[in-house]
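Here is a short report on a sheet and on aromatic pairs. Please keep the sequence and the model in view.

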Amino acid sequence: GRLWFVFGDVSDKGVPAALFMARTTALLENALRREGAPAAALRTAGRELATENEASMFATALLGTIDLERGTLALASAGHDAPFLRRADGGLVELPLESGPALGFEDDGAYPEWRGGLQPGDALLAWTDGVTEAFDARGGAFGTEGIAQALTDDRTPTAQALTDRLRTAVHRHTGAEGPGDDLSI
């Protein structure tokens with residue numbers, strides 16, 4: 001009756017980055033099973049990653065749990081942008097989630113936890129910095145303002161429709177150049 005998820009972005013590219021993210025995900029899963037709460041799991045996994053990190057890599061992460069029966073959501077962030085909660089009625093809320101350090105930097109980071117509720121039809125939208133740091137021809141970043149504008153609508157589309165709408169808006173913003181980084185939404 002409980003679902004966990006992690007949304008993250010790792011420094012660097014290629015095989016070393018993929019291996020670091022695989023290790024990060026495994027550590028987070030094990031820590032969450034032991035600790036039970038996203039903030040504690042980030043602290044435990046962050047300690048492991050920081051103590052054995054000769055490559056000086058790091059990852060941002062948004063870790064959450066959802067109690068499917070109660071509709072409760074718990075989130076903690078390790079250097080990752082706070083997500084938006086798109087209510088079923090079309091309202092958009094940037095969650096007031098404070099962040100701790102990215103994973104791999106500190107062996108004793110503090111990770112504040114946010115708790116709230118989800119209603120049927122709500123959508124939680126998270127993204128990587130490839131979305132907010134997508135630049136137009138004049139050097140203007142898409143930013144969280146661009147995300148909010150793309151998601152504001154009086155209709156209640158599916159999560160896939162919201163993702164597609166946001167991806168289209170980023171590509172429209174960047175024009176022929178396209179985004180300079182991957183877009184994970």
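Buried means under 20% relative accessible area, exposed over 50%, and partly exposed in between (1.4 Å probe, protein chains only). The model is predicted: local features need pLDDT of at least 70, side-chain atom pairs count only at pLDDT 80 or more, and totals for chains, interfaces and linings use all residues. Residues are numbered from 1 along each chain as its sequence is written, and side-chain values use heavy atoms, leaving out hydrogens and water.

**Aromatic pairs**

The structure holds two aromatic pairs. Rings of Phe, Tyr and Trp (its six-membered ring) pair if their centres lie within 6.5 Å; planes under 30 degrees apart count as stacked, over 60 as edge-to-face, the rest as tilted.

| Pair | Centre to centre | Plane angle | Class |
|---|---|---|---|
| Phe-58 and Phe-105 | 4.8 Å | 25° | stacked |
| Phe-84 and Trp-127 | 5.4 Å | 35° | tilted |

Phe-58 is partly exposed at 28% relative accessibility. Phe-105 is exposed at 51%. Phe-84 and Trp-127 are both buried. Phe-84 lies in strand 4 and Trp-127 in the loop between strand 8 and helix 3 (129-132), so their pair ties together parts 43 residues apart in sequence.

Helices (H or I, at least four residues) and strands (E, at least two) are DSSP runs, numbered from the N terminus. Two strands pair if DSSP finds at least two bridges between them. Three strands form an open antiparallel sheet, in the order 5-4-8. Its edge strands are strand 5 (92-94) and strand 8 (123-125). Strand 4 (residues 84-86) pairs with strand 8 over three bridges. Which residue of strand 8 is the bridge partner of Phe-84? Leu-125 is.
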